Structure formats: C-alpha cells, structure tokens
Amino acid sequence: MNFTAARARILAVDDQEINLMVLERLLTPTEAGIVTATGGQEMLDLLKKEKFDLILLDHVMPPPDGLEAFRMARSMEGNLNLDTPFVALTGNDMRSEGADPSLPPREATRAYYKGEGFADYLPKPVLPEDMERVLLDLLPADKVTRTGQSAPAGNPAPESAPAPRKGGLFARIQEMEGKGNAAAPAGPLDSAHGLTFSGGDKEMYRQLFKNWADAYMENGYTLQRSAKEGDLNAHRIAAHSLKSSSRMVGAMTLGDLSEKAEHAARDGDLEYVREHVPELLEAYGKAVEAASDYLAN
C-alpha cells in the first residue's frame, strides 16, 4: 500500500481465524490499530467501548450474523460508532437477494449492501487492491498519509480486473485421481493464487494453508453431522466458510462444491445436501492430503 493510517482504528469481524489472519496481514502495512472480533455479539460489545474509524464485518456467521448484528448496532443504545462506516465482507453474489439483475455481479452485490446501509462491501477472498480502495475511500482523510502514488480514493477497481488463475492445488488432486490434463499448472500448488490473498507473504501463505488443513476434522464433522440431522443453517454456514477458505488457498473445485452445498442448504434442499455431502467430504479429504504433501516440502 502507498499510504499509512497510524492514527486510525479498524475493527475486523469474522468467525473464521484464517480470515482474520488475512485481514490483519492486509491491514498491517497501514500501521493502523487493528482490533478483531469473532462474532456479531462480540462486535456489539466492542462498539460500546471504543470508537473506530472503519468496521469490516463478515456477513455469514453464526447468529447473530453480520447483517443482523449491523441492524442491531444501528439502534443500539450506547453505541459509540453510529457514524462509523461499515464494510460488508462476503463471498456471496447477492443478485438473488433482490439486487438489480441487470448490474454486473460485484456492482449488484455492492448495491444490495449499500441498500442495507453499509458504506461498501469487499468480496471474499479479499484482494489487496480492493482493500486499498476501500481504505482510501472510507478512512478519515486527516488520518491518511500518502507515501507514494495510488489509485484515487473512491475509484472502484474495474470489474474486468483479472482474477487469480485456477488450477494449482486441484491440479495436483486431479493428478492423484488420474484426471490431470496438459493445461493444468505443474506442481503441487499454484502458489501465485494463495500469495495473492496473503499480500505476497510466503510465510503467511504457508501458515494460512496449514490452518486450513488443520481445520479438516472439525469442519468435516460439522458438514456430515448437519446433513444427517437436517440442520440446514449449520450446513450453510459451514459450507460457506469452506468455500471462502478453500478458494483462498487454491482449492478451487472444493470451493465450487462448497458453494453448491451452501446454496442448496440456503434454499432448503435437504435431499441435495444429503446426496452430495459424501462427494464434498471426499473432495475435502483429497484436498487436505494434497495440502499435507505441499507443506511437507
């Protein structure tokens, strides 16, 4: 980043440790004071104790989720942050939630959250250039010190900005399954993808990758149990988290399967959830096996 904001205070709220680690890493170059919270209620408690300049709030979390907590905050007595801008964090495409279908996905999602009262939104996994744009646009100007040339505040990144290329980790998984093809990148992991979301920090990337792999047993159990018990809300939250974290480390196919499970759970399709959870867990296990190979090298 080409600026600092040492006098700013930023609150980041997400129920997943791996996502908070990424946010902290992306925010560290600003030299801002960073406070984290792991849920909506923890955020509400902090809003009564400290004034922040910006609040980054994940949407999909255990109750109260980000949107519920935001609505509660706006009318909460004793809130010191009634005028603090909130930025929604989400991996969702909110066009299905009533946003204008004629808009491009990111602009439609931005319109949805702005309609709810948020100042802006950041798509997950969060790219450094998106974070920089939001910070320059929403942090108080008197707390921002420019250190070089940067994009003008308030100028959104173009919708056509290239996304990290697919392949990498899942190319390795396909090789293990005998499904590799000549177009797939060589090696156990497309490190360029993961490094994009880790600010280019290789050690940070390895730590994120390890944390993602270490969560396999707990997350896998939650997905299996929620499908068996018909707890679609728990399944939706678990699949949503797995979608975001998998794409962040390069497991794109697992991320896509997780997204399908999330949407099915959201739409009340228990039959789909139960039918496809074995496929999801099998893909998850193979991705973690590939992750172990990578981390051992």
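Visitor: What joins strand S2 to S3, and how do the two run?
Guide: In this predicted model, strand S2 (residues 9-13) and S3 run parallel and are joined by 5 bridges. Arginine 9 stands opposite glycine 33 in S3.

Visitor: What is the order of the strands in the open sheet?
Guide: The order is S3-S2-S4-S5-S6, an open sheet of 5 strands with parallel pairing. S3 and S6 are the edge strands, each pairing on one side only. From one strand to the next, the twist averages 20 degrees.

Visitor: Which strands does helix H4 touch?
Guide: Helix H4 (residues 105-116) packs on the sheet and touches strand S5 (86-90) and S6. The direction of H4 makes about 135 degrees with that of S6.

Visitor: Turning to helix pairs, at what angle do H1 and H8 pack?
Guide: The angle between H1 and helix H8 (residues 202-214) is about 170 degrees, and their axes are 10 Å apart. H1 is therefore roughly antiparallel to H8, since angles over 145 degrees count as such. The crossing in which H1 passes H8 is left-handed.

Visitor: Which residues in H1 and H8 meet?
Guide: From H1 there are Glu17, Ile18, Met21, Val22 and Arg25, which meet Met204, Gln207, Leu208, Asn211 and Trp212 in H8. By class, this contact has 6 nonpolar, 2 polar and 2 charged residues.

Visitor: And H10 with H11: how far apart are the axes?
Guide: Helix H10 (residues 232-249) and helix H11 (residues 252-266) have their axes 8 Å apart and pack at an angle of about 155 degrees. H10 and H11 are therefore roughly antiparallel to each other. Their crossing is left-handed.

Visitor: How do the residues of the contact of H10 with H11 divide by class?
Guide: They divide into 7 nonpolar, 5 polar and 7 charged. On the H10 side, the residues include Leu232, His235, Arg236 and Ala239. Among those they meet in H11 are Met252, Leu254, Asp256 and Glu259.

Visitor: Now the backbone. Which residues does a cis peptide bond join, starting with proline 63?
Guide: A cis peptide bond joins proline 63 and proline 64, with omega at about -10 degrees. Proline 64 lies in the loop between strand S4 (54-58) and helix H3 (66-74).

Visitor: What about the bond from lysine 124 to proline 125, cis or trans?
Guide: That peptide bond is cis, and its omega is near -5 degrees. Proline 125 is placed in the loop between strand S6 (120-123) and helix H5 (128-138).

Visitor: Glutamate 31 next: is its phi positive or negative?
Guide: Glutamate 31 has a positive phi of about 65 degrees, although it is not a glycine. Its place is in the loop between helix H1 (17-27) and strand S3 (33-37).

Visitor: Why single out such features?
Guide: Most residues other than glycine have a negative phi, and most peptide bonds are trans.

Visitor: Finally, the whole chain: how many helices and strands does it have?
Guide: The secondary structure comes to 12 helices and 7 strands. Of the 297 residues in the chain, 49% are buried.

Visitor: What share of the contacts joins residues at least 24 apart?
Guide: Among contacts between residues at least 6 apart in sequence, the share joining residues at least 24 apart is 70%.

Note on methods:
Residues are numbered from 1 along each chain as its sequence is written. This is a predicted model: local features need pLDDT of at least 70, side-chain atom pairs count only at pLDDT 80 or more; totals for chains, interfaces and linings use all residues. Side-chain values use heavy atoms; hydrogens and water are left out. Helices (H or I, at least four residues) and strands (E, at least two) are DSSP runs, numbered from the N terminus. Axes are lines fitted to C-alpha atoms, for helices over the stretch in contact, and angles run from 0 to 180 degrees between N-to-C directions. Angles under 35 degrees count as roughly parallel, over 145 as roughly antiparallel, 65 to 115 as roughly perpendicular and the rest as oblique. A crossing is left-handed if the near helix is turned anticlockwise from the far one by less than a right angle, and right-handed if clockwise. Contact means heavy atoms within 4.5 Å. Ala, Val, Leu, Ile, Met, Phe, Trp, Tyr, Cys and Pro count as nonpolar, Asp, Glu, Lys and Arg as charged, and the others, Gly among them, as polar. Two strands pair if DSSP finds at least two bridges between them. Buried means under 20% relative accessible area, exposed over 50%, partly exposed in between (1.4 Å probe, protein chains only).
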